[in-house]
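Keep the viewer open as you read.

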Amino acid sequence: MTSEHRRLSPAFRLYWTARTVSLTGDGLVNVALVFAVVELGGSAADIGTVLGVSVVARVALMLVGGVLADRLPRRRMLLVSELVQAAVQFAVGFLLLVGAARMWMLLAASLVYGAASALSRPALTGIVPDIVGTGGADALRRANAMLGVSQSASRVAGPLIAGVLVAVAGPGWVYAIDGATFLVSAVLLALVRLPPTRTGNRGLGSLRTDLAVGWREVRSRRWYMTGLLVQSAYNLVTAPLYVLGPLLVGGASAWGTVSAAGAVGAVAGAVLATRWTPGRPLTAGFLLMVLGAAPLLALAAGAGTAVVGAAAGLGMVSAAYVNTVWVTTVQGLIPRDKLSRVSSYGLMSTLLTLSVGYALAGALEEPLGAGNVLAGSAVLLVLVVVPGAFLPSVRTVGQPVSGSERAPRRG
């Protein structure tokens with residue numbers, strides 16, 4: 001346990017443990033899903049369809065989740081989501097183990113799973129300031145960094161463990177284990193005691209009105225709109241890495257090594273966010289995003305696995321650092337009763353731009369060539385993030401004060 005973890009409250013430790021357990025389960029099932037489809041005689045197109053159904057559900061319901069998370073107690077929303085996802089994973093695991101699973105069942109499960117995730121995901125952003133309470137911006141930053149470390153570490157450990165479990169016991173047992181992680185997470189969440197703060201605008205206003213209020217909060221802050229555009233462009237131009245990388249780096253084993261190196265870099269980036277707190281965090285973070293061009297250029301140049309892995313690690317250092325800085329800034333400068341709605345717009349933007357980027361990478365690879373697509377993406381990345389870092393609306397944002405709205409500094 002790190003010194004940062006020890007300094008955080010017991011309530012956050014419980015929440016952090018719950019998220020770590022749940023994220024590890026997600027890392028397991030992402031591998032199991034592929035082999036479950038294959039076990040049922042499915043093709044690569046079927047794998048894409050099952051994954052795509054979940055993404056569609058998340059995009060369709062993310063904004064609704066933001067409204068609900070601002071209206072209702074966020075912990076309750078997370079508890080319901082964990083229990084629904086546990087039930088889905090247990091059901092799929094049972095069906096696979098008894099040989100009764102069919103492809104349409106996996107599609108239905110993916111749809112429900114994605115819907116539960118979308119409805120609860122904005123609550124994850126909103127609940128952290130509620131748990132940290134009066135700990136201040138420094139505690140909030142450490143809390144987000146700890147969550148980032150867990151997410152990154154699960155991307156390393158989850159697939160490695162899942163590969164062994166699938167080979168030894170089959171995907172059905174991995175689904176069952178994932179269901180158990182959701183149950184454990186739900187129990188730990190139930191033990192979290194939040195400070196006596198406002199828990200939401202219960203039942204106030206229509207869905208359309210609440211969405212409009214959230215959008216006004218987004219539009220009224222130039223730094224948020226600019227940051228959203230910069231990060232959306234970043235997602236768009238880095239998406240080819242994940243589509244073309246596995247094809248160019250030398251097979252599944254080599255890509256697994258690259259992915260693991262990227263996850264290690266992400267852990268380092270989250271830790272860096274606890275150590276380095278510049279006066280202009282968004283400017284520093286956006287400049288650091290230039291490192292995201294490294295793996296794109298390494299792949300375009302035909303570099304070996306070790307070089308591409310090192311470049312991926314550098315890229316993920318910047319991505320994890322920016323994610324922590326961004327979330328902390330949003331949590332510190334957006335009123336808590338509107339926080340989940342505002343964050344839901346950013347979450348939906350991420351899903352949409354990544355999906356479009358994946359599609360464009362596949363469509364452009366044949367006419368332009370993989371190397372040109374990757375090199376062009378690296379150039380576009382630099383052309384977007386460097387000017388974005390120096391825009392006045394970004395430069396004037398300083399370190400936030402947790403729990404209250406503070407006007408950006410006038411530089």
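Predicted model: local features only at pLDDT ≥ 70, side-chain atom pairs only at ≥ 80, totals over all residues.

The α9 and α14 crossing is right-handed (the near helix is turned clockwise from the far one by less than a right angle). Where α9 meets α14, the contact residues comprise 14 nonpolar, nine polar and one charged (nonpolar: Ala, Val, Leu, Ile, Met, Phe, Trp, Tyr, Cys and Pro; charged: Asp, Glu, Lys and Arg; polar: the others, Gly among them).

Stepping back, the chain has 16 helices and zero strands (DSSP runs, H or I of at least four residues for helices and E of at least two for strands, numbered from the N terminus). Buried residues (under 20% relative accessible area, 1.4 Å probe, protein chains only) make up 52% of the 411 residues. The C-alpha atoms fill a box of roughly 55 × 45 × 45 Å along the principal axes.

How confident is the predictor? The mean pLDDT (confidence in each residue, from 0 to 100) is 83, and 90% of residues reach 70 or more. Over residues 198-203, pLDDT is below 50.

Residues are numbered from 1 along each chain as its sequence is written. Local features need pLDDT of at least 70, side-chain atom pairs count only at pLDDT 80 or more, totals for chains, interfaces and linings use all residues, and side-chain values use heavy atoms, leaving out hydrogens and water.

Definitions and conventions. pLDDT = per-residue confidence, 0-100. Contact = heavy atoms within 4.5 Å. Buried < 20%, exposed > 50% of the residue type's maximum accessible area, 1.4 Å probe, protein only.
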